[in-house]
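Thanks, everyone, for making the time this morning. I would like to walk through one model with you, so please bring it up on your screens and follow along as I go.

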Amino acid sequence: MLGINVWRRMLGVDRATVIESVDIDEETDAVVAQVRPRRDSKRRCGRCGVRAPLYDRGEGRRRWRGLDLGTVMCFLESDAPRVSCPEHGPIVAQVPWARHGAGHTREFDDQAAWLVTHTPKTAVSELMRIAWRTVGSIIARVVADGRAAHDPFDGLRRIGIDEISYKKGHRYLMVVVDHDTGRLVWAAPGRDKKTLRSFFDLLGTNRCRKVRLVSADAAEWIADVVRERCPGATVCTDGFHVVGWATDALDEVRRDVWNTARRQGMRTYAKEIKGCRYALWKNPEDLTERQEAKLAWISAANTRLYRAYLLKEQLRVAIGKEPHHGVRRAGAEDPQEPPGDRGSDAPQALQRAHRVHEHEDPRPAPDGLRVQEARAPRRPRPARSRRLLPPATRTGSGLMDPRMRQESRNCGAR
Ligand SMILES: [Zn+2]
């Protein structure tokens, strides 16, 4: 038989656990370790850990599932007596290898919970050989354990409130993030004042008073609840939504230009404008060669549309937000992005708006109101030469440019 220290490591138990013996259970074809808590960790309340007198033998010996040993299932078997806790009454005694009320060891719970954050619940259920529902109760246990050790609401000063839709937009989740840590601190189904109030109820009056900044979309009902519960907080609009509105406004201008061109019978021109949607949406640094060329064309062909684009880009850079083209879905009339032309190594044809940050003032003090969320690292791109575009040429009207006038003359529209 392997030494006891080897078994202790394989079973994932510490010195508070005494391993009496390890056998193969022929019936279940599993490794079963007979264990007991060491003397000083014996007879403690399963919930509060206070030492308590023995109440009874409980339901006798029982088993806890541990992590598999290779291909073989593994169980820890021990007595499960009850103690009489002054606070919790008769209760199953604490064991060092498992959480209270669990049928699995701590190591097993932790692994299943970790897996759930990386893979679907059904995959965890199959891999760990546990029921789908068991995965749920393991998550609940591990989360409760983590919450007891660390209060996610502690030190909340700058928070963001948002709504996420699921089930094709029929259901909503309200989520709260901590801007300082970038972590999700709370989420609940619903999208109304009652749901949001339940978050502030959990936060409690004292912690509500310490909140200094709340960012959200511009919904009045959110601002109402925040003002009611966090009198010391400044309510501000989430930059993500602001850039979203600017992108919508830009698209409105694009459609307007397109419709006018269509009405005036300038078919080629209208088609070009229609195909510019992605070039206008994307970050300048992410444009493909083709999209860069389109943008260059807009800058020469339509002052109004190009100005709208520059306004959107400047706003995005000023706020430090990504545009929301990744979030919104293209409509049926939108051309699909041609596959296979992303990330080409063409020379950059545009003065890149994102370089504006090089000339920005230094960031405000950390306790200032500016909320800078962590951004995904930019995709590294090979060094490339830059050709700067001339500024958009001014034309008589915002819509008409020389090329368009030519076309409209040909069409007899003007
Ligand atoms: Zn207790």
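Predicted model: local features only at pLDDT ≥ 70, side-chain atom pairs only at ≥ 80, totals over all residues.

Let me begin with a question: what covers the buried residues of H2? The buried residues of helix H2, which runs over residues 106-116, are Arg-106, Phe-108, Asp-109, Gln-111 and Ala-112. Their cover includes strand S4 (61-69), together with helix H3 (121-128) and helix H4 (132-149).

Stepping back to the whole protein chain, the secondary structure comes to 12 helices and 12 strands. Of its 414 residues, 26% count as buried, and among contacts between residues at least 6 apart in sequence, 58% join residues at least 24 apart.

In soluble globular proteins, nonpolar side chains tend to be buried together. Here the largest nonpolar core has 25 residues, and those that touch the most other members are Ala-261, Ile-273, Ile-298, Leu-305 and Tyr-309. At least two residues of this core come from each of helix H7 (239-263), helix H8 (267-274), helix H9 (277-281), helix H10 (289-301) and helix H11 (303-319), and H7 gives the most, with seven residues. A second, separate core is made up of 17 residues, among them Leu-156, Ile-159, Ala-216 and Val-226.

Let me stay with H7 and H8 for a moment. These two helices pack at an angle of about 165 degrees, with their axes 8 Å apart, and they are therefore roughly antiparallel to each other. The crossing in which H7 passes H8 is left-handed. On the H7 side, the contact is made by Arg-254, Val-257, Trp-258, Ala-261 and Arg-262, and on the H8 side by Tyr-269, Ala-270, Ile-273 and Lys-274. By type, the residues of this contact divide into six nonpolar, no polar and three charged. If we look at Ile-273 in particular, and leave aside its neighbours within four places in sequence, we find that residue in contact with Arg-254, Val-257, Trp-258 and Ala-261.

Now to another helix pair, H5 (residues 193-210) and H6 (residues 220-229), which pack at an angle of about 25 degrees, with their axes 10 Å apart. That angle makes H5 roughly parallel to H6, and the crossing of these two helices is right-handed. In this contact, Lys-193, Leu-196, Arg-197, Phe-200 and Cys-208 of H5 meet Trp-221, Ile-222, Val-225 and Arg-229 of H6. The residues involved in the contact of H5 with H6 divide into six nonpolar, no polar and three charged.

Finally, I would like to point out two backbone details in loops. Although Arg-43 is not a glycine, its phi is positive, at about 50 degrees; this residue is found in the loop between strand S2 (30-37) and strand S3 (54-56). With 19 other C-beta atoms within 10 Å, Arg-43 is partly exposed. Arg-129, again not a glycine, has a positive phi of about 55 degrees, and is found in the loop between H3 and H4, two of the elements that cover the buried residues of H2. Is Arg-129 buried or exposed? Arg-129 is exposed, with 10 other C-beta atoms within 10 Å.

That is where I will stop, and I am happy to go back to any part of the model.

Key: Residues numbered from 1 in each chain as written. Core = buried A, V, L, I, M, F, W, Y, C linked by C-beta atoms within 7 Å. Buried ≥ 20, exposed ≤ 12 C-beta atoms within 10 Å, placed from the backbone. Helix = DSSP H or I, 4+ residues; strand = E, 2+ residues; numbered from the N terminus. Contact = placed C-beta atoms within 7 Å. Axes fitted to C-alpha atoms, helices over the stretch in contact; angles between N-to-C directions. Parallel < 35°, antiparallel > 145°, perpendicular 65-115°, else oblique. Left-handed = near helix turned anticlockwise from the far one by under 90°. Nonpolar A, V, L, I, M, F, W, Y, C, P; charged D, E, K, R; others polar.
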